Amino acid sequence: MTRQRLLEAAVACLAESGWAGSTVSVVAERAGVSRGAAQHHFPTREDLFTAAVEYVAEQRSTALRELPAQDRASVVAALVDLYTGPLFRAALHLWVAASNEPQLGSRVTELEARVGRETHRIAVQLLGADESRPGVRETIQGLLDMARGLGLANLLTDDGVRRERVVAQWTALVEGALR
């Protein structure tokens with residue numbers, strides 16, 4: 001239970017305060033545990049934050065896998081939602097920190113590759129896509145890249161109106177590519 005509270009507090013801190021404002025002490029306080037308890041579970045700051053992003057990414061993957069059979073428009077919208085919430089904001093702060101901190105860089109690169117592969121695999125499954133057909137793999141990857149871009153645009157302003165139009169267009173593109 002303590003570990004879960006720490007992981008959830010770490011993601012919230014990272015999403016709200018970024019890497020510079022997210023320390024083990026701040027996370028421990030937010031989780032309602034001592035710094036010593038936090039360090040018992042996560043010896044380093046890097047351990048804590050990479051585990052936190054991985055924890056929430058796994059939760060999101062599980063939620064995606066458990067989605068009932070839906071139309072493709074709903075699947076596209078659910079995939080875009082992955083990149084417009086607090087998990088993406090937290091992951092983005094971690095990516096930026098990793099680009100400047102070598103001890104974090106290799107861990108985050110490996111984590112992002114694993115999460116990216118899993119998200120792609122789930123998207124293929126949910127969309128009922130046949131990646132043996134020319135262009136289908138690239139269409140799915142383009143969808144995920146587009147969703148990430150919409151998530152970036154959403155960081156500074158609420159981009160909901162434009163996002164709805166873009167998602168509708170991408171849904172049409174995905175439908176056409178998967179026929």
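I began with the largest cavity and looked up which helix gives the most to its lining: helix 7 does, with seven residues. Helices here are DSSP runs of H or I of at least four residues, numbered from the N terminus. The model is predicted, and local features need pLDDT of at least 70, side-chain atom pairs pLDDT 80 or more, while totals for chains, interfaces and linings use all residues. Residues are numbered from 1 along each chain as its sequence is written, and side-chain values use heavy atoms, without hydrogens and water.

Cavity. I found one cavity of 30 Å³ or more. A cavity is a set of points on a 1 Å grid over the protein atoms alone where a 1.4 Å probe fits but cannot get out; lining residues have an atom within 4 Å of a point. The largest cavity holds about 270 Å³ of space, a volume being the space filled by probe spheres set on the points, which are joined across faces, edges and corners.

Lining. I noted 20 lining residues, with Ala-57, Tyr-83, Leu-87, Glu-112 and Val-115 nearest the centre. Helix 4 (45-65), helix 6 (86-100) and helix 7 (102-127) each supply at least two lining residues.

Ala-28. I then turned to Ala-28, which lies in helix 2 (residues 24-31). I logged Ala-28 as buried because its relative accessibility is 2%, buried meaning under 20% relative accessible area with a 1.4 Å probe, protein chains only. Beyond four places in sequence, Ala-28 is in contact with Leu-6, Val-33, Ser-34, Arg-35 and Ala-38, contact meaning heavy atoms within 4.5 Å. I also checked Thr-2, 26 residues from Ala-28 along the chain: their C-alpha atoms are separated by 9.7 Å.

Definitions and conventions
Buried < 20%, exposed > 50% of the residue type's maximum accessible area, 1.4 Å probe, protein only. 1 Å grid on protein atoms, 1.4 Å probe; cavity = no way out; pocket = protein on both sides within 12 Å on 5 of 7 lines; lining within 4 Å.
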